[in-house]
Amino acid sequence: MLNRAGWLSVTLALALGGCGQQSTLDPHSEPARQIATLWWVMLVVSVIVFAGTCYLLVLAWWHPERTGLPLIGDRPRALDATVVAFGIAVPAVSLIALFVYANVSVAQHTEPPAPAETAMTIEVTGSQWWWQVRYPGTTAITANEIHIPVKTRVSIVTQATDVIHSFWVPQLNRKVDSLPGQPNRVEIYADEPGRYRGQCAEFCGIQHAQMGLAVYADTPERFRAWLDNMARPRRAPPTPLARKGEQVFSQQCASCHTIRGTTARGQVGPDLTHLKSRETLGALTIPNRKGYLAGWVLDPQTMKEGTKMPALDLTGPELQALVEYMERLR
Amino acid sequence: MATVAPPPAAQRRLDRLERIWKGPSGLVGWLTTVDHKRIGILYFFTSLTFFALGGLEALLIRTQLMGPNGEIVSPDFFNQLMSMHGITMIFLAVIPMQIGAFGNYLLPLMIGARDMAFPRMNALSYWIFLASGIFIYSSMVGGTAPNAGWFDYVPLASRQYTPGPNIDFYTLGLIFTGIATSATAINFIVTIFKLRAPGMSLNRMPLFCYAILAVSFALVFALPPLTTALTFLELDRALGLHFYDVAFGGDTLLWQHLFWIFGHPEVYVIILPAFGIATAIIPTFSGRKMVAFPLVALAEIAVAFIGFGVWAHHMLAVGLATVTTIYFAAASLIIVIPSAIQLFAWIITIVTGRPRFETPLLWIIGFIVLFVLGGLTGIMFAAIPFDQQLTDTYFVVAHFHYVIFGAAVFPLLGGIYYWFPKVTGRMYSERAGKASFWVTFVGMNLTFFPMHIVGLLGMPRRQYTYQGDLGWNFINLLETLGAYILAIGLLMIVANLVVSYRRGAPAGDDPFGGDTLEWSVSSPPPSYNFPVIPKVSSPYAMWDREDREGDMKRLEQGDVVLEGGHETPSSTLLDADWDEILDMPSQSWAPFLISVTLLGMFTMLLLQHYVVALGFAALTGLVLAAWHCKEPQVA
């Protein structure tokens, strides 16, 4: 699923323009590509400036006895003029060029979209330390893993319930902060189907490091199917064990979690109606597999110290039933 | 002057001056001193200690991040470490080292004064700085150090999300240390304006003093917003007010605005004294006067001034209106120009001079290289879309370490070598000095350069750990390796200086052919600094041979020796004409005692024993009253 990252691949991929599922140098949308190009242009100009500076220093180093600058000489007025030229004139011209290029031209692509300008809107709400994802106009609610249709402009409206977070999926666009009580917008778009990793980018407390998110760009048909499923209430538990699991859930978990179609309506943690349709648990902290799930339920603090989820005191049969139930929440 | 035996008449005057100016010796002497040189040395060792603590924190951080899923420290302790590293380096190490140690020790010597304008307030600044540092660090004892980052954003820093005392140490500690900083800044402004040696009109003042002047003004205007922000936060936390609470009509972004109105000028406060050190070292080792002197002086002032108009470039991702972001990006670009002026003035001075690449100049060359790199990445952050992509990643961490470590600490280290002979009277080892430079330079780049790359690869800052499949592992390992090499380089400097202090060759008064007045006095300088108030007719006073020989003659004749008491002359603001002779205060217990009572007051505020805190405030008032009683006449 993920590419392994040895040092060789890092170096190679860097040479080729970036790697990793969270790299700003591996853009998969027009805004992200514009920003990456802006970076490469600024890098080239910076290398020229840096080389020029080093040239002068090396000149002084190798020829400490020389008098005057190359071509310019040593007359005080000429030296003052050189300071004015390279300290004022040249920077002024290049800075104006950079300003127009970056803040007028590139910025047009990264500006927040106006409401209703895009085909679709998704509400992403940051909390310590996970993301709630809603699809307005539908009943679909999920967490941490955002699905979008490929080649479609999607407006993300983000805010926070507690402290400041920052929504950032670098391969698709720049970041924008998620503030309490002040929604911000940013557009995302994906050229091709794939999984694009993101992360909270504003320090938000003890588990800031484990507040990942992922955007899955699907074909329109797959996306439609996914969204339809997401909007439905949970499927009734098919086995007696799973039915017992639902009872355990309603006693132990319902005060914090919602499973649509049951009495569990807690609003503290993520909506778990279709938990099994997600690839990870704990905001990309661990894989969503049976063993991890059981471990997470029994001892979340070891897996993600500080998470708001308390350890559950379950008997063996209760745990077995609960996991059986949750494994079927597709 | 002390190296050549002076004639008997002169010697009698020197003895008399020594009797008047020498304070008590021993521990009491250090606790009650008002001598700017002693206070500078106290500042030096205190800020060096904090620098070492901040460095240890950095090493722990790098060790934790050496590989993915590190388990050297717990997540909460990591957050305390990264917060304390920032707080320590900025508030307790670099700025006090530059202004408190270098500024205090050197500025009166450079302007030909016998002390600071307010010697006791100077001592008060130091003791308050020390007390506030102890106050902040005492939080680590209970494992409750500040943990919301050095800029401490709300609502994370509010009582609701950080219920422990962590943030109270931060708010009260920084208010406490702000008192010291404000007093220092005011002291420097008055000293520079009023105590310059007669003849040192503003256009003849060394560029180092311009830098200190610019920084002092910046601090005077930058600290009130910080103090306001901190007071609001402490009121929110301690008394349940709602300045920053959205639910009650407060505003979370208010904190960010207030903090960065202080925080960005603060960045220039950090680098300007370093620029000043560079402009002191470069002419000496290039054997020529600075190119474009007036432009450089104006650029130093301009940087401090424009620095007040750029704060929101720290907030380009918070969703400000486009017109706002455009304005702040443009202002941030403008500040490049005064920096570029200084940069080219330094380089051209070196290239067109006869540079001697000895240890101090090596550090300045390193500084120029690193400052260009840090400056170039700084310009990139004025490109709004790039900022919004890379802010809060390791790219920013790389950028500001190139600026703070490269452009501020490198000149400091060069300055330590440069003035070591002046302060101790001994020469450092040149070979060991060069070796320490190269190891530090390599370690610095190995630590911080890869951070650009890992930032571009998407690694956010302030993460206590990272997963192993994101392509960041090897780069982080390199950074950690670099951090240890960097630490070795810094230890080599300490070793060099410790050994040289014991065994170094005597340095003489002026081992480098320096251009400013501190080189005209003995090494270490006498307690009264200048036997005779020096004559100044250019910004390179030490290179004006006739003036210095004239001083010697006037000492023999007893002309402007001012041996009648604890005296120093004051001069007019612009032209530095003779104004009047000031009777300077001598040693006192009051500054030390005030810092103790204030420490008690802030501790009680932390513990929310407000009545007891009021008691300590009253005690402080009593000591202040005692301070202002007429002092006994000396000599």
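In the predicted model, A:T139 is placed in the loop that connects β2 (130–134) and β3 (141–143) of chain A. When neighbours within four places in sequence are left aside, the residues in contact with A:T139 are A:A231 and A:R260. With A:A231, a polar atom of the A:T139 side chain lies 2.6 Å from the backbone oxygen of A:A231. By contrast, A:S23, which is 116 residues away from A:T139 along the chain, has its C-alpha atom 33 Å from that of A:T139.

Between chain A and chain B, the contact draws on 87 residues from chain A and 86 residues from chain B, and the two chains bury about 7,100 Å² between them, with 70% of this area on carbon and sulfur atoms. Of the area that chain A buries against chain B, 10% is supplied by A:L57, A:V83 and A:F203, which is more than any other three residues provide.

Polar interactions across this interface comprise 20 residue pairs in polar contact, counted where both residues have pLDDT 80 or more, while the count of salt bridges between chain A and chain B is one. This salt bridge joins the side chains of A:D74 and B:R288, with an N to O distance of 3.6 Å. On the side of chain A that touches chain B, the elements giving two or more residues are α1 (7–15), α2 (30–62), α3 (76–110), β7 (176–178) and β9 (194–199) of chain A, and the largest share, 18 residues, comes from α3(A). By residue class, the side of chain A that touches chain B consists of 48 nonpolar, 27 polar and twelve charged residues.

Technical notes. Residues are numbered from 1 along each chain as its sequence is written. Chains are lettered from A and ligands numbered from 1 in the order in which they are written. Side-chain values use heavy atoms; hydrogens and water are left out. Helices (H or I, at least four residues) and strands (E, at least two) are DSSP runs, numbered from the N terminus. Contact means heavy atoms within 4.5 Å. A polar contact is a pair of N or O atoms within 3.5 Å; within protein, one must be able to donate a hydrogen and the other to accept it, and residues adjacent in sequence count only if both atoms are side-chain atoms. Buried area is the accessible area (1.4 Å probe) that two parts lose on being put together, summed over both. A salt bridge is a side-chain nitrogen of Lys or Arg within 4 Å of a carboxyl oxygen of Asp or Glu. Ala, Val, Leu, Ile, Met, Phe, Trp, Tyr, Cys and Pro count as nonpolar, Asp, Glu, Lys and Arg as charged, and the others, Gly among them, as polar.
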